[in-house]
Amino acid sequence: MPKAEMPPGALTMLVLRVLRSGPLHGYAIAQRIHSLSSDVLGVEEGSLYPALQKILLKGWVTAEWGISETNRKVRFYSLTPAGERQLETELSDYERVTAAIRSVLRTA
Amino acid sequence: MAELFRRLRYLLSRGRFDRELRDDLEFHREMAAREGRNTLGNTLRLREEAREAWGWMWLDRCSQDLRYALRVLRRSPGFTAAAILMLAIGIGVNVAAFSCFNFLVLRPLPVRDPASLLRFHRHSPQAYAFALPYPELSFFREHSRTLPVILALNSARLPVEGEQQPLNAAFVSTNFFQDLGASPLLGRLLDPARDDAASAEPVLVLGYGFWQRHFGADPLVVGRLIRLNGKPVTIIGVAQREFSGLSINRSDFWAPVHQQPYFAPGSRLLTDFSVDSSGVQMFARLQPGLPRSAAEAELRLLAAELRKTHSADIWENETLVGEPAGYADSIRVGNRRGTGSEDRDDLYPVAALVGALCLLILTVACGNLGSLLLARGVAREREIAIRVSVGAGRGRLLRQLFTESLLLSVFGAAAGLALGYAVMRGLLALRDAPDWLDPAPDWRVALFALGTGILAALLFGLTPALQIARQRHRTTFLRQILVAAQVAASCVLLIVAGLLVRALQDATATNPGFEYHQVVSVDPGLAAHGYTPARARAWLDTMQARLRALPGVESVSLTDTAPLGNHVTSARVEVEGRRADILISRIDPEFFRTLKIPLLRGRNLTRGDTHAVVAGQSMAQRLWPGENPLGKEFDIDGGKSIVVGIAGSARLVRPEDPDMVEVYAPPAESDLPSMGLLVRTEAPPDDLARAAISLARSTDPTLFPAVQLLRNSFRRKLRTAESTALVVGILGLAAQLLACFGILGVVAYAVSQRVREIGIRLALGARPLQVMSVVLRQFFWPVAAGLTAGLGGAAALSKLLRKGLYGVSNLDPEAYLAAVVFFALTVLLAVLFPAKRALKIDPARTLRQN
């Protein structure tokens, strides 16, 4: 099944959402998004890492060293309280917009 | 805010974050490979894209550009050195000029709280004076509520034991040091608590320079006794080197003003209300929170109050004008007074002139560098082409090229700063500047140098960079503009220099209207020593008789205005709508003989004349053109004057100013204490000067007369004009040299570009002259246009020069012609040099190349 294009801006929200359930390393974030979307959404490293850097800079996540399942020292990203708040607002915004779009699609 | 800090953290430990990012990506690869997926893609590029999020990429690119520019400049050291040298000259002269301006106007004096310091001058509709009679200042100090602190400063020259020349003494109020926040280097400074009492012993504070020179920086100098004008006085301390003493001249020592009569017996400085008294400069601090106008209003009321008891000396409607005193500009003038409106020697016309000339130099330097860069751009075609083909965008190329220019100009600014500093040091040493003037550049000067550098980079770097980045090779037009600009700028400089030199020649070579070589002036300062008119008359008569008895003395006369001195009595006279600023000298009849001023018509003054005056010829021509001036009447300060004689024009006080006209009047009885003597001798005037001093002191030992050879005064008067002409001359030559190199380079480049063509033409039998005219034709128009613009610019500038400086006639054909001829010759030389080389081209060799 071909991977679908990610709508712009959605990646940040997805990364934040995926991290809500616990710290993950970069590859796992991509994997999680991929599998949770039933293999529809693919995350290229080309877009994941710039997005992660942006999120780090905003202070929504922090990075800490940990050990991967392959016994390698990697960085794990975890959500900060500020990230939590950001996710809330993004989710509610998203809900509102999609609801609006849906209602337009239904009635128009 | 927090985000900004995180960004900064990324900037500071970029290495670590970059390693972490690389690690992340590597891990991602590993994991992907394990799962059998091969993600292709450029890791480097990926990392760069991720790093973009940090927002510091521009910095990386800048540092790349900078490193590359450094490499490029290092690879061609000849070009780099030439460019930096040119910029150093262009920026250096600007830095030096700005430093001077900075000293005078921008940098506060090294005193406590310079911003709140004011200086007060006396003004009335009829007269002005920079100094106040001391008792007037005392009155203000007692009664003013708006000025909590008032400082007094009286400068004088006093003989000191063991010194040939009298030294600069400053008599100051005892709060002077304390209020200016000065601390002693040794001992103590004046202290109101200890030195104010009338019974306090005479004390002295040494200036740093005097302490160094006279006492060999002896650390045990405090407590020693020294004789000033023969009076013993105790040294209590030494001032810091940085202490300015609110004087632009070097102060050798300070003493309390109330002890001045002790050093100058008979002096009535402390009690004399008349404007003839040497007076004191008044500095004050305003009550915080009050506007300056409040103090001025209060002082006006106080002056009016004082006028009730001293109606002769306090002027009607006298105002005291306060000006900020925290800058060197405001203490330039020590003591000057005059009647009529004050003639301000405004700094700004001079500053504007010098600034304009310096900018012109910078323009020439930039024009030069611009053409050099253009020529280099063509030589770098290959490099640029390669960079374009590997994907450099035009913007990036432009930035790269401009970075090179910017780097050059930063180096140039640094070199210019050093050059400017060297020039300032030289200037200050030459002018015997006071110790507190520090030539080291401060932040303002450094900032100025950097700003000039960036401006220069914009001027010389941007257009060539645009041209090169566009890979346009048709740069001929631009080059022509650059040549024209250079020609115009250096032409202006040359002409202005020529005009100044001519004006100076005029002033030195032509007769100022009187013969000064063998004349000595003696100013005994009778008024300052409390002489009454009767005593003054007696003293002057005795002196005249004794001087006449000296061998070689031809003539002795009296005047209140020493020729070429600092004291001016001027007035504005209006007759039937024609106006003239006249200089009034009070003289005795012998005066014209002493100075050899011819009496052209009418009669001389005689003793007992009251309203009769002798007018200078130039005044007669100004006020009564085409009429017989004898018997004409006019008013000076409300007094009627009748012209009885016409004397030859003489520029007595300002030899360089042809607009000043003069009138001679007999002295009133009250003028006598302010009169001095003029002595003409056949013997060497130096001997006469010595004899005059000892004569004067033997008649009254308390006097210390100021004796001057008019010859020296004349030279001193011309020094400003001389140094200005010298500076402008040097600037003009520097610009000329720069322009010549620039034109030489451009022509050489044009020749080298057309070597093949020249070779072919020569091979086909063209005459050398024809070939050269083809190559050089492109420079004809720019040079012609530049010359025209330069002539126009010079005419405009010299108008300013005439207003602000000297009697430069702004259309002196000789100066223009000389400048243009000189210019044409140097340009011709600059052109012929590369042209000759071109004609030696061997056609066969050039054709074989390529």
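Predicted model: local features only at pLDDT ≥ 70, side-chain atom pairs only at ≥ 80, totals over all residues.
I started with Asp113(B), which counts as exposed because it has 12 C-beta neighbours inside 10 Å, and 12 or fewer is the cut-off for that label.

I then looked up where Asp113(B) sits, and found it in the loop between helix H5 (77-106) and strand E1 (117-123) of chain B. Most residues other than glycine have a negative phi.

Next I checked Ala217(B), another non-glycine residue with a positive phi, here near 55°. I placed Ala217(B) in the loop between helix H9 (208-215) and strand E7 (225-228) of chain B. Ala217(B) has 13 C-beta neighbours inside 10 Å, so I put it down as partly exposed.

Then I stepped back to chain B as a whole. I noted 25 helices and 23 strands in chain B, and a C-alpha trace spanning about 120 × 75 × 50 Å along its principal axes. Of the 850 residues in chain B, 42% are buried. I also looked at contacts in chain B with a separation of 6 or more, and 82% of them join residues 24 or more positions apart.

Last, the interface. I found 16 residues of chain A in contact with 19 residues of chain B. On the chain A side, helix H2 (26-36), helix H3 (45-58) and strand E3 (73-79) are the elements giving two or more residues. H3(A) supplies the largest share, eight residues. By type, I have the chain A side down as five nonpolar, six polar and five charged residues.

Definitions and conventions
Residues numbered from 1 in each chain as written. Chains lettered and ligands numbered in written order. Contact = placed C-beta atoms within 7 Å. Helix = DSSP H or I, 4+ residues; strand = E, 2+ residues; numbered from the N terminus. Nonpolar A, V, L, I, M, F, W, Y, C, P; charged D, E, K, R; others polar. Buried ≥ 20, exposed ≤ 12 C-beta atoms within 10 Å, placed from the backbone.
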